[in-house]
Number of protein chains: 2
Amino acid sequence: MLHTPFPTHQLLIASYKGDQYRQWIEAAALPNLSIVEQPTMDCDILFGEPARIRELLPALPALRWAHATWAGVEPLLDPALRRDYLLTNARGVFGPLVSEYVFAYLLLHERKILQRRLSQASGQWDNTLTGTLRGKTLGLLGVGSIGAHLAGTGKPFGMRVLGYTRQSESCQEVDGWFHGDELPGMVRQVDYLVNTLPNTPATSQIIDARLLGALPPHALFINVGRGSAVDEPALAAALAEGRLAGAVLDVFQQEPLPPEHIFWRTPNLFITNHTAAPSFPADIIPPFAENYHRYLRGEPLRYQVDFALGY
Amino acid sequence: MLHTPFPTHQLLIASYKGDQYRQWIEAAALPNLSIVEQPTMDCDILFGEPARIRELLPALPALRWAHATWAGVEPLLDPALRRDYLLTNARGVFGPLVSEYVFAYLLLHERKILQRRLSQASGQWDNTLTGTLRGKTLGLLGVGSIGAHLAGTGKPFGMRVLGYTRQSESCQEVDGWFHGDELPGMVRQVDYLVNTLPNTPATSQIIDARLLGALPPHALFINVGRGSAVDEPALAAALAEGRLAGAVLDVFQQEPLPPEHIFWRTPNLFITNHTAAPSFPADIIPPFAENYHRYLRGEPLRYQVDFALGY
């Protein structure tokens with residue numbers, strides 16, 4: 001293949017961190033690539049957040065490949081949208097950051113940090129024992145690269161890990177696997193349940209009143225997947241009625257969480273703001289650059305989203 | 001060797017958890033052993049907390065072996081006390097529990113959990129980014145079994161680990177080693193400094209005003225070793241003057257911390273109550289039982305304390 005003297009590919013960056021991403025992409029010195037500022041008739045590559053990609057789909061007739069800087073690509077799964085392009089997403093890079101988030105809250109809970117703060121504020125030397133992660137059971141709803149990292153992080157703390165998955169059982173750190181209708185059976189055994197599932201028709205409202213009822217009352221539920229997985233009124237009721245020790249939510253059906261939402265008034269609930277695992281250019285650019293070289297060579301791209309499966 | 005029909009060894013348990021330990025030791029079915037309730041002329045084995053062992057030393061003329069249920073054995077190091085017995089201690093079992101404690105507070109700090117609680121309480125959707133452990137540098141003062149576990153726990157989070165040690169460099173997860181007078185040089189590079197050193201003459205007041213001055217102002221200091229390692233007024237001053245982001249202390253020169261101690265009024269300080277790594281019978285008994293079998297066979301005991309070194 002001859003190298004052409006002028007770039008043959010046009011990339012449009014559509015991101016609220018566009019300047020940062022542009023610097024990183026320029027630093028990758030991708031051959032035959034021109035970065036364009038506005039949609040053009042010839043632009044074949046689009047890079048950015050899924051919602052911004054969606055807005056630009058009608059304006060890019062020559063689009064062949066879009067790369068999402070997030071893992072979740074719900075905005076692009078609407079069957080009414082075009083699917084005549086390759087969609088790849090950020091994947092395999094969020095495990096360590098999600099582990100930080102999940103273990104931050106598991107440890108906060110077991111080590112009674114908030115209660116100890118209150119003791120300290122009242123000048124009280126409280127040497128009762130706290131709980132420990134050791135010997136506890138972590139249940140994973142979804143065992144992709146994020147779930148696998150959570151499982152691996154739990155092991156040095158002496159935890160048992162159970163995994164609920166559609167099919168793959170490749171993670172060595174999972175001590176027991178569950179499938180299909182075995183989910184309530186898994187949930188009954190856990191001390192902590194962590195959802196990492198993507199938003200698909202199969203995962204919608206999977207954490208419903210029945211599943212919450214199967215969780216032990218001392219359990220903690222953490223959602224780092226998608227808000228669509230949770231029956232939010234059912235979760236608020238379980239927390240308000242003390243049928244669950246606590247919940248930690250980074251994602252919601254509507255974000256930002258509306259001011260009138262019941263979660264603002266729900267006890268034993270930690271609300272964070274879709275900040276568990278941010279997309280950092282240092283994580284996002286290397287797999288994108290690798291895929292660009294594959295694209296140039298006409299090889300299959302990695303991290304492709306299956307529009308039918310939704311991930 | 002003939003097995004005698006009557007027990008030939010007498011064990012006295014001297015612990016505030018005596019009933020628990022007695023059950024676990026009985027369950028270990030140690031041969032030729034009688035558990036006695038009170039000091040006797042023939043009692044040759046003593047088991048319990050260091051301070052209780054100390055009290056009983058004068059009452060046990062036949063003592064040949066004492067096993068401490070704690071790692072720190074300061075009460076037994078007084079040169080005025082007898083040293084005509086073997087002293088072993090709980091060791092190698094506290095790593096996972098100390099890692100829980102240390103990472104609980106590192107993650108609380110980086111993930112801004114207390115600040116997020118305030119945002120939530122005011123109904124505010126705060127989606128600014130938090131910090132991450134990833135890319136941060138953890139400095140370990142002491143790299144025994146506890147320091148090594150901390151180093152291993154930091155790796156999946158993507159941390160760099162530096163270690164200050166008297167001699168051993170066996171931990172693979174440490175990225176850089178420091179010795180002797182290189183301590184300030186290490187400390188200048190860290191984001192978090194964790195002390196795990198035992199109480200010995202060499203470690204007394206090792207964290208003094210000069211060393212605190214070498215820590216970057218954004219650093220967090222955590223003490224899970226012994227309170228004797230810290231110049232407490234110097235630490236209080238550094239925190240009060242904002243020369244250090246925060247400190248987390250589980251151990252103090254005097255415990256319980258006296259009501260008039262300045263730490264109760266020091267900002268950005270988390271006080272816990274010597275509860276980072278409790279001694280659980282499930283951890284303590286197996287190495288004791290293993291040592292008992294060695295004792296019976298006349299073999300050298302493991303986990304022996306060197307009275308001169310102090311650990």
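1. Start with the interface. In this predicted model, chain B and chain A bury about 4,300 Å² between them. Carbon and sulfur atoms give 63% of that area. The size of an interface is often given as the accessible area lost when the parts come together. The contact takes 47 residues from chain B and 47 residues from chain A.

2. One salt bridge pairs A:Asp283 with B:Arg134. Their closest N and O atoms are 2.7 Å apart. Polar contacts link 21 residue pairs across the interface of chain B and chain A, both residues being at pLDDT 80 or more.

3. Which elements of chain B give two or more residues to the side that touches chain A? They are α3 (95–110), α4 (113–121), α5 (145–154) and β12 (269–271) of chain B. The largest share comes from α3(B), with 10 residues.

4. Now turn to B:Asp44. It sits in the loop between β2 (33–36) and β3 (45–48) of chain B. B:Asp44 is buried, yet has no salt bridge. The nearest side chain of opposite charge, B:Arg64, is 4.6 Å away from B:Asp44, so the pair falls outside the 4 Å cut-off.

5. B:Asp44 does have a polar partner. Its side chain makes a polar contact of 2.9 Å with the side chain of B:Tyr295. Leaving out residues up to four places away in sequence, B:Asp44 touches B:His9, B:Gln10, B:Ala62, B:Leu63, B:Arg64, B:Trp65 and B:Tyr295. Note that B:Arg64 is on this list of contacts, although B:Asp44 has no salt bridge.

6. Is Cys43 of chain A buried or exposed? A:Cys43 has 0% relative accessibility, so it counts as buried. B:Cys43 is also buried, with a relative accessible area of 0%. A disulfide is a covalent bond between the sulfur atoms of two cysteines.

7. Finally, step back to chain A as a whole. Its secondary structure comes to 9 helices and 12 strands. The C-alpha trace of chain A spans about 75 × 45 × 45 Å along its principal axes. Of its 311 residues, 57% count as buried. Take the contacts in chain A between residues at least 6 apart in sequence: 59% join residues at least 24 apart.

Note on methods:
Residues are numbered from 1 along each chain as its sequence is written. Chains are lettered from A and ligands numbered from 1 in the order in which they are written. This is a predicted model: local features need pLDDT of at least 70, side-chain atom pairs count only at pLDDT 80 or more; totals for chains, interfaces and linings use all residues. Side-chain values use heavy atoms; hydrogens and water are left out. Buried means under 20% relative accessible area, exposed over 50%, partly exposed in between (1.4 Å probe, protein chains only). Helices (H or I, at least four residues) and strands (E, at least two) are DSSP runs, numbered from the N terminus. Lys and Arg count as positive and Asp and Glu as negative; His and the chain ends are not counted. A polar contact is a pair of N or O atoms within 3.5 Å; within protein, one must be able to donate a hydrogen and the other to accept it, and residues adjacent in sequence count only if both atoms are side-chain atoms. Contact means heavy atoms within 4.5 Å. Buried area is the accessible area (1.4 Å probe) that two parts lose on being put together, summed over both.
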